[in-house]
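Please read the following report on one protein chain with the model open beside it.

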Amino acid sequence: MSLPRACHICQGVHRPGERCTVAERQRDQRRGTSTQRYGAGWGQISRQILKRDHHICQLQLPGCTGRADTVDHITA
């Protein structure tokens, strides 16, 4: 069993598998919107993919809940 970890971004403590919302917000600001990254048609394409796959995660990576809410799995 994993122990809670100290976050170097928000100085808080996070349970295993829990993400730091401050770090995610900062990452999203650096990355820009999906439209900026992929183009104007990406929203429609990603919705079609999620519908096709019934919102089931196709990668099933460690810690996965099985439910997909994104199709790109970009983590950086």
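## Salt bridges

R15 is exposed, at 56% relative accessibility; the classes are buried (under 20% relative accessible area), exposed (over 50%) and partly exposed in between, computed with a 1.4 Å probe on protein chains only. R15 forms a salt bridge with E18, with 3.8 Å between the closest N and O atoms. E18 counts as partly exposed, at 28% relative accessibility. A salt bridge here is a side-chain nitrogen of Lys or Arg within 4 Å of a carboxyl oxygen of Asp or Glu. By this rule there are 3 salt bridges.

Another salt bridge joins E24 to R19, the closest N and O atoms being 3.3 Å apart. E24 is partly exposed at 23% relative accessibility, while R19 is exposed at 57%. R52 and D53 also meet through their side chains, at 2.8 Å from N to O. R52 is exposed, with a relative accessible area of 58%, whereas D53 is buried, with 16%.

## Source and confidence

The model is predicted: local features need a pLDDT of at least 70, side-chain atom pairs count only at pLDDT 80 or more, and totals for chains, interfaces and linings use all residues. Residues are numbered from 1 along each chain as its sequence is written, and side-chain values use heavy atoms, with hydrogens and water left out.

The pLDDT is the predictor's confidence in each residue, from 0 to 100. The protein chain averages 84, and 93% of the residues score at least 70. Helices are DSSP runs of H or I with at least four residues, numbered from the N terminus. Where pLDDT is low, the predicted coordinates should not be read in detail.

## Cysteines

How many disulfides does the count come to? The count is 0 disulfides, where a disulfide is a pair of cysteine sulfur atoms within 2.5 Å. C10 is in no disulfide, and its nearest cysteine sulfur, that of C20, is 3.7 Å away. C10 is partly exposed, with a relative accessible area of 31%.

For C20, the closest cysteine sulfur is in C7, at 3.6 Å, which is too far for a bond. C20 is buried, at 7% relative accessibility.

## An aromatic pair

The count of aromatic pairs comes to 1. Rings of Phe, Tyr and Trp (its six-membered ring) pair if their centres lie within 6.5 Å; planes under 30 degrees apart count as stacked, over 60 as edge-to-face and the rest as tilted. The rings of Y38 and W42 have centres 4.6 Å apart and planes at 45°, so this pair is tilted. Y38 is partly exposed, with a relative accessible area of 32%.

## Helix α3 and the segment after it

Which residues of α3 are buried? They are W42, S46 and L50. Seen down the helix axis, the buried residues of α3 fall within an arc of 65°, so they line one face; the arc is that of the directions from the axis to the C-beta atoms. These buried residues pack against α2, contact meaning heavy atoms within 4.5 Å. On the other side of α3, R47, K51 and R52 are exposed.

H54 follows α3 and has a positive phi, near 55°. In the segment after α3 lies H55, which has a positive phi of about 55° although it is not a glycine. H55 is partly exposed, with a relative accessible area of 28%. Q60 lies in the segment after α3 as well. Q60 is not a glycine, yet its phi is positive, at about 50°. Its relative accessible area is 47%, making Q60 partly exposed.

Notes
Helix = DSSP H or I, 4+ residues; strand = E, 2+ residues; numbered from the N terminus.
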